[in-house]
Amino acid sequence: MDARLEAIRDTVLARNPGEAEFHQAITEVFESLGPVHDRHPEFLEAAILERLCEPERQIIFRVPWTDDAGRVQINRGFRVEFNSALGPYKGGLRFHPSVYLGIVKFLGFEQIFKNALTGMPIGGGKGGSDFDPRGRSDAEVMRFCQSFMTELYRHIGEYTDVPAGDIGVGGREIGYLFGQYKRITNRYESGVLTGKGISWGGSLVRPEATGFGTVIFTQEMLKTRGASFEGQRVVVSGSGNVAINAIAKAQALGAAVVACSDSSGYVVDEAGIDIALLRDVKEVERGRLKDYAERRGGASYVEGGSVWDVNATVALPCATQNELDGDAAARLVRNGLLALGEGANMPSTRDAVAVFQEAGVLFGPGKAANAGGVATSALEMQQNASRDSWSFEHTEERLTDIMVGIHHRCASTADEYGDPGNYVLGANIGGFVKVADAMLAQGLI
Ligand code: NDP
């Protein structure tokens with residue numbers, strides 16, 4: 001790492017102790033930014049990096065609610081409004097027991113660059129809670145969401161901060177959150193949340209967008225080697241929103257998707273994942289992958305273990321951060337991996353990224369490859385602002401154009417900075433320069 005940046009990085013890490021994921025995200029971005037500061041000393045003079053690493057606002061709050069047995073439960077809520085240089089804070093809410101400030105900050109920091117890469121006018125933010133929706137009844141989830149919004153509402157708004165879904169937050173949760181926001185404010189402010197239901201202000205393609213976008217980005221990478229998804233053997237991690245839609249899109253492009261996972265284990269289905277059955281089990285019944293394997297002849301279920309043991313030519317990690325380490329990366333490379341597109345945020349450890357880059361694997365980092373979700377959220381905001389709703393075809397076309405554009409921006413930035421094919425460098429520099437220019441223009445704030 002550039003010595004000037006290393007000194008700034010060390011100060012940032014010392015100011016934010018115990019936030020391992022935030023440290024990792026900062027280090028990964030800083031490693032790419034040396035050459036930019038050679039060309040733009042004004043960024044150093046204006047302390048752009050120091051400012052970027054300090055969120056504009058961090059909100060932490062108590063979320064009290066009552067479970068079905070009448071017991072009082074207390075969770076912790078977060079919203080980190082990281083950077084508004086390009087537009088209102090934008091980024092999802094995650095409900096998962098692992099959520100703490102360090103995770104929200106890593107996600108919010110990544111979101112700044114991701115949102116910049118989309119070319120849409122959106123800043124970066126993220127939030128969530130350590131609430132675990134798994135095993136909770138609909139009524140419990142509703143009471144939790146209502147309590148969460150009873151504090152959050154005062155911090156958000158269509159011109160201020162626009163949350164969406166992430167792990168553990170899908171259409172059901174966005175519905176309860178929106179209902180409570182409307183009730184408290186007495187405003188039908190559609191643009192305050194994205195990922196809404198299609199009949200009440202949502203956008204077609206938003207549910208599919210992150211997974212579809214990841215596959216479109218990966219397809220663009222494959223094209224640079226004269227390949228495509230046609231005939232590829234694909235392994236996907238996760239079986240939530242991003243994973244399911246990545247599987248569907250990869251299959252539509254002619255790939256065989258032979259494995260996917262959840263936090264309990266993974267399923268191998270050599271005939272190709274049955275997407276209708278997977279949707280039934282995971283989206284309708286909120287069941288487990290084990291149930292999929294029991295109902296699908298020929299599929300096998302492996303309790304625990306790593307889905308990255310299954311050989312593949314294309315890998316799409318779509319579960320969570322740091323789910324793919326250096327050893328798993330080495331196994332994938334040995335087994336003939338050609339390309340990897342990150343549907344999740346920071347699923348590959350820094351060791352894993354190094355293994356992929358050294359082996360010449362096409363590696364699409366999450367902040368570029370999974371930006372289709374937030375980009376389509378921005379399209380949802382556009383439709384809300386103009387009181388319009390677009391067709392599936394039109395919206396998907398916009399998403400495709402955006403993903404092809406992000407790929408082009410990353411590839412051409414990597415070329416410009418003398419490291420062709422390095423999408424990590426291209427994404428980090430491409431996103432950073434746009435935000436840094438806007439921050440310079442807006443003065444010391
Ligand atoms: P979902 O909650 O719909 O699905 C998450 C999936 O990942 C589930 O299969 C879950 O398994 C698995 N998972 C979650 N945590 C862990 C863990 N600690 N270990 C192993 N598996 C785990 O979330 P999404 O699909 O929305 O999000 C997946 C990833 O994509 C996240 O990194 C998110 O930040 C990222 N992302 C999401 C976007 C979106 O639009 N939703 C946009 C951009 C990025 P189980 O069912 O067992 O919990």
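Q: Which is Glu189, buried or exposed?
A: This is a predicted model, in which local features need pLDDT of at least 70, side-chain atom pairs count only at pLDDT 80 or more, and totals for chains, interfaces and linings use all residues. Residues are numbered from 1 along each chain as its sequence is written, and side-chain values use heavy atoms, with hydrogens and water left out. Buried means under 20% relative accessible area, exposed over 50%, and partly exposed in between (1.4 Å probe, protein chains only). Glu189 has a relative accessibility of 6%, so Glu189 counts as buried.

Q: Which residue forms a salt bridge with Glu189?
A: A salt bridge needs a side-chain nitrogen of Lys or Arg within 4 Å of a carboxyl oxygen of Asp or Glu. Here the closest N and O atoms are 3.1 Å apart. The partner of Glu189 is Arg187.

Q: Which residues do salt bridges that share partners join into one network?
A: Some salt bridges share partners. The residues joined in one network are Asp2, Arg4 and Asp38.

Q: How many salt bridges does a search of the whole structure find?
A: The pair Arg154 and Glu151 meets at 3.3 Å, N to O. Arg154 is partly exposed at 48% relative accessibility, and Glu151 is partly exposed at 21%. The search of the whole structure gives 32.

Q: How many residues apart in sequence are the parts tied together by Arg143 and Asp68?
A: The side chains of Arg143 and Asp68 form a salt bridge, 2.7 Å from N to O. Arg143 sits in helix α7 (residues 138–152), and Asp68 sits in the loop between β1 (57–66) and β2 (72–83), so the separation of the parts they tie together is 75 residues. Helices (H or I, at least four residues) and strands (E, at least two) are DSSP runs, numbered from the N terminus.

Q: Leaving aside neighbours within four places in sequence, which residues are in contact with Glu140?
A: Glu140 lies in helix α7. Glu140 is buried, with a relative accessible area of 5%. Contact means heavy atoms within 4.5 Å. Beyond the sequence neighbours, the contacts of Glu140 are Trp65, Asp67 and Asp68.

Q: Which backbone oxygen lies 2.9 Å from a polar atom of the side chain of Asn245?
A: Asn245 belongs to helix α10 (residues 241–252). At 2% relative accessible area, Asn245 is buried. The backbone oxygen in question belongs to Asn241.

Q: Which residues does Gly211 touch, not counting residues up to four places away in sequence?
A: Gly211 is placed in helix α9 (residues 206–223). Gly211 is buried at 0% relative accessibility. Asn245 also lists Gly211 among its contacts, along with Pro207, Glu208, Phe212 and Arg279. Gly211 touches Val242, Asn245 and Ala246.

Q: How far apart are the C-alpha centres of domain 1 and domain 2?
A: The protein chain divides into domain 1 (56–188) and domain 2 (208–369). These bounds come from an automatic or database domain assignment. The separation of their C-alpha centres is 27 Å.

Q: Which residue forms a salt bridge with Glu110?
A: Across the interface of domain 1 and domain 2 the rule finds one salt bridge. The closest N and O atoms in the pair with Glu110 are 3.4 Å apart. The partner is Lys367.

Q: Which helix gives the most to the side of domain 1 that touches domain 2?
A: In total, 13 residues of domain 1 are in contact with eleven residues of domain 2. The helix asked for spans residues 101–118 and contributes seven residues. It is helix α6.

Q: How many charged residues are on the side of domain 1 that touches domain 2?
A: Ala, Val, Leu, Ile, Met, Phe, Trp, Tyr, Cys and Pro count as nonpolar, Asp, Glu, Lys and Arg as charged, and the others, Gly among them, as polar. That side has six nonpolar residues and no polar ones. The charged count is seven.

Conventions. A polar contact is a pair of N or O atoms within 3.5 Å; within protein, one must be able to donate a hydrogen and the other to accept it, and residues adjacent in sequence count only if both atoms are side-chain atoms.
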